[in-house]
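Hi,

Here is the structure I promised to pass on. Have a look at it first, and my notes come after.

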Amino acid sequence: MMKQHFVTRRSHAIRAAMIFLVACACFMCLLTVNPKPAYAASSKNALRTSLLKGNHLAGWTRDGEAVSYILPSGKKAVGFRKIGRYWYHFDKSGTLSTGWFTVKSRRYFARKTGTVGKTYGVLRTGFRKVDGVYYYFNTTGKKGVAGSQKTGWITIGKNRYYYHPDGTKASGLTTIGRKLFYFSETGAVKYRGRLITGWKTVDGKKYYFRSAGKTGTIGAAYRNQRVKIKKKYYRFDAEGALITNTTKNASTNAAPVASIVSNEVFIETIGALAHADMQQSGVLASVTTAQAILESASGTSVLAIYAGNLFGMKAALSGNNWASVWSGTTYKKQTLEYLNNTFISVYADFRKYENWAQSVADHSAYLTGAQKSKGVLRYAGLAGEKDYKKAASIIKAGGYATDPGYVAKLCSIIERYNLTRFD
């Protein structure tokens, strides 16, 4: 009996202890904070939760194909945002940007693949391959600069590259400013487009591209000069091609029509010619002079010197049905054409004049006589227009130039040099 009584007492003690422990646990539960809201655990949109503040789920979310980032405030991130180690961009609606996009004239590329919250949508930096072409994106900088594509001259290792303002990479013979360069067109994709120096034969013509100098000068071809290279003298024409006894058309293409003059002399010379022409054509002399300055680099272009052509007038022009002083003589020159979203180098026939006066006269004849359809002038209203801003706008609207800033450039030149004095 005593053994049974002892067992019963021990069982009661164990039971009492268990009840005490359960009671303590319940009491502790009452002291804890409220658990997460029910929607936080069941949200189908949450891809990766990083923070929980108040009643807002902060982190990456997806709504169909659109990916967004919810801030602790509950609002979607917009604009450039650095999350963790990487920069991202979100449009005005808060949707993550991917692929190519442009913000305030800067171009960016955000990854289109990867894990959301990690590599998907990350702005590319450094020298990166995109759609089969290598581009360079800024690796550092403030918000909006880091990740933006860098244009102009770029040096990577021992190689130099050039990216045009529109983001395309220079390839083949390329004119930058007033200098001629050559960029590789073949080889490994990663190094295609690198600047070439030394001797190079292109389309049967031999060039020498400077092997020394600062950026923007190294790689520039020698043009219209006699140069000593490794103890031997060579002469190059205005287009940079080596002149030899067998160079085709060397006598005709190398003979200059005009000489290089100072900017001041050029303006006074063309201003006087344009004023005289205005009496016959009705085209404002200020506009004609501004176009000559812009199109011929104040008379220093190859066409201005060797063809007397101040306005880049090609041999064949649309609506070519006006009375012209042009004799039909042409000058073949290499030029850049924009085709399939890239610049390509081609040879084209340009009009060759006996002097600049003929160039001015033919240019005005074109502007006042060219037709876009039968009986409809391409530049209607230009002849007799007294407002240089309106005249410039008529020329642009008629399709003379594709540059969206063409009118502003002409007006800036007119105002800078007070060209209205020729009107």
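This is a predicted model: local features need pLDDT of at least 70, side-chain atom pairs count only at pLDDT 80 or more; totals for chains, interfaces and linings use all residues.

Residues are numbered from 1 along each chain as its sequence is written, and side-chain values use heavy atoms, with hydrogens and water left out.

Helix H8 covers residues 388-397 (helices are DSSP runs of H or I, at least four residues, and strands are runs of E, at least two, numbered from the N terminus). Its buried residues are Tyr388, Ala391, Ala392, Ile394 and Ile395 (buried means under 20% relative accessible area, with a 1.4 Å probe and protein chains only). Looking down the axis of H8, these fall within an arc of 155°, so they line one face of the helix (the arc is taken from the directions from the helix axis to the C-beta atoms). Their cover includes helices H5 (285-296), H7 (356-369) and H9 (406-416).

At the N-terminal end, Asp387 caps H8, with a side-chain oxygen 2.8 Å from the backbone nitrogen of Lys389. After H8 comes Gly399, which has a positive phi, near 95°.

Back in H5, you'll find Ser296, which counts as buried because its relative accessibility is 0%. Leaving out residues up to four places away in sequence, Ser296 touches Phe266, Gln291, Ser301, Ala304 and Leu310 (contact means heavy atoms within 4.5 Å).

Lastly, Ile70 sits in strand S3 (residues 66-70) and is buried, at 13% relative accessible area. Its C-alpha is 4.8 Å from that of Ala58, 12 residues away along the chain.

Cheers

Note on methods
Buried means under 20% relative accessible area, exposed over 50%, partly exposed in between (1.4 Å probe, protein chains only). A polar contact is a pair of N or O atoms within 3.5 Å; within protein, one must be able to donate a hydrogen and the other to accept it, and residues adjacent in sequence count only if both atoms are side-chain atoms.
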